[in-house]
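User: I've got a model open on my screen and I'd like to talk it through. Can you take a look with me?

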Amino acid sequence: MPGAIYAEGLVKTFGDVRALDGVDLDVPEGTVLGMLGPNGAGKTTAVRVLTTLLRPDRGTATVAGIDVLAHPDRVRHSIGLSGQFAAVDEYLTGRENLMMVGQLYQMSGRDAKRRAGELLERFNLSDAADRTAKTYSGGMRRRLDLAAALVVSPPVMFMDEPTTGLDPRNRQALWDVIQELVAGGTTLLLTTQYLEEADRLAHDICVVDHGKVIARGTSDQLKARTGGERVEVVVHAPEHLSVADEVLRGFGKGESTIEEHTRKLTVPVAGGAKLLAEVIRELDTRGVEIDDIGLRRPTLDDVFISLTGHAAEAADESAAGDESGAGGSGGAGGAKGRGAAGGRQKEAVK
């Protein structure tokens, strides 16, 4: 039986660019799917298709058991959406914004006001509740937008890079809210470029690149694909990088990576602490002074490098043309919307 979010063979093109190239998804009810991918991979396009903001060129999709193409209005009643950009009415106060969303969901005025107060407290906005949103900082607008997505608890939620721009305290608060929602049965599709976020929240992770799902599994399963442990070395002087790289490649089981600005080298190895001691001795013999050295397990960043050839980048997807073609063809710029009674949707072209 298909999951709460299901897609098969989704294709979406913008001009010559194939933003989605046969994407398949199946997210069981009450779980979190973390969708990871480099800039321009197609993550946001997939979210827009599943939330009825874009029509695919080919493929099928259902959300909460409802066909996305045949019954978009019914889908919007069953979802919540927080996109990459805050979609708040800057001429309303924070409280008024949340109450408006509640009333669009057909909540009573009393219930909408109560829920608004709860969310303003939860997202540390109580002190600014009765100020107009245009006086809010970027981070405050982001928190207000996330609160608006949670006014009701729809069975399916979509969050497109929700914690971008949040400070660590508010990011943690949102993570706690997400975990509570999922514990209550909500299904969530989460796109993110914060690898720690996917590690923390997602039951399953899919890696998307060039419009295709190129890998899927739990965090541990994906890490296992990249091999065993890594030796990380920080040399004292930049001129020692080349010698240290030669030493590490002699012990490594794969390609080494060098970050020149931090003077750090990393290489996959097999052998544990005993091998680490041998590396230290060899570096000392070659006259390489080190500031730090350690042995660690693979991270999701290693998964990115292994699968896509480069690290994840915490940057706006549109900057690399995820919706390629953005500004010109097909109105493929950034869209922002939230399902509600009456089909409240906002869409902005980047």
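This is a predicted model: local features need pLDDT of at least 70, side-chain atom pairs count only at pLDDT 80 or more; totals for chains, interfaces and linings use all residues.

User: What is the mean pLDDT of the protein chain?
Analyst: In the chain, 86% of residues reach a pLDDT of 70 or more. There's a stretch to treat separately, as pLDDT stays under 50 over residues 313–350. For the protein chain, the mean pLDDT is 84.

User: How many helices and strands does the protein chain have?
Analyst: The chain runs to 350 residues, and buried ones make up 50% of them. Of the contacts with a separation of 6 or more, 68% join residues 24 or more positions apart. The secondary structure count is 11 helices and 16 strands.

User: Which residues touch the most other members of the largest nonpolar core?
Analyst: That core holds 46 residues. One of its members, F123, touches R143, L146, A147, L150, N170, L174 and V177, leaving aside residues up to four places away in sequence. A second, separate core has 31 residues, including F14, A46, I66 and C206. Back in the largest nonpolar core, the residues touching the most other members are L98, F123 and L150.

User: What covers the buried residues of α3?
Analyst: Helix α3 spans residues 94–104, and its buried residues are G94, N97, L98, M99, V101 and G102. In an α-helix there are 3.6 residues a turn, so residues three or four places apart point the same way. The cover over the buried residues of α3 includes α4 (109–122) and α5 (138–149).

User: Is Q106 buried or exposed?
Analyst: Q106 sits in the loop between α3 and α4. Its phi is positive, near 70 degrees, and Q106 is a residue other than glycine. With a relative accessibility of 69%, which is over the 50% cut-off, Q106 counts as exposed.

User: And E161, is that one buried or exposed?
Analyst: E161 is in the loop between β7 (156–160) and α6 (168–183). It isn't a glycine, yet E161 has a positive phi of about 50 degrees. Its relative accessible area is 7%, which is under the 20% cut-off, so E161 is buried.

User: Which residues are closest to the centre of the largest pocket?
Analyst: The largest pocket has about 300 Å³ of space, and 17 residues line it. At least two lining residues come from each of β11 (229–235), β12 (257–259), β13 (264–269) and α11 (300–308). By class, the lining has four nonpolar, five polar and eight charged residues. Closest to the centre of the pocket are T257, T266, R296, D302 and I305.

User: How do the residues lining the second largest pocket divide by class, and how many are charged?
Analyst: About 170 Å³ of space lies in this pocket. It is lined by M1, P2, G3, A4, E29, A64, G65, P155, V156, G185 and T187. These residues divide into six nonpolar and four polar, with the charged count at one.

User: What separates the C-alpha atoms of V303 and K223?
Analyst: V303 is found in helix α11. At 2% relative accessibility, V303 counts as buried. Along the chain, V303 and K223 are 80 residues apart. The separation of their C-alpha atoms is 6.0 Å.

Key: Residues are numbered from 1 along each chain as its sequence is written. Side-chain values use heavy atoms; hydrogens and water are left out. Buried means under 20% relative accessible area, exposed over 50%, partly exposed in between (1.4 Å probe, protein chains only). Helices (H or I, at least four residues) and strands (E, at least two) are DSSP runs, numbered from the N terminus. Contact means heavy atoms within 4.5 Å. On a 1 Å grid over the protein atoms alone, a cavity is a set of points where a 1.4 Å probe fits but cannot get out, and a pocket is an open set with protein on both sides within 12 Å along at least five of seven lines; lining residues have an atom within 4 Å of a point. Grid points are joined across faces, edges and corners, and a volume is the space filled by probe spheres set on the points. Ala, Val, Leu, Ile, Met, Phe, Trp, Tyr, Cys and Pro count as nonpolar, Asp, Glu, Lys and Arg as charged, and the others, Gly among them, as polar. pLDDT is the predictor's confidence in each residue, from 0 to 100. A nonpolar core is a set of buried Ala, Val, Leu, Ile, Met, Phe, Trp, Tyr and Cys residues joined through side-chain atoms within 4.5 Å.
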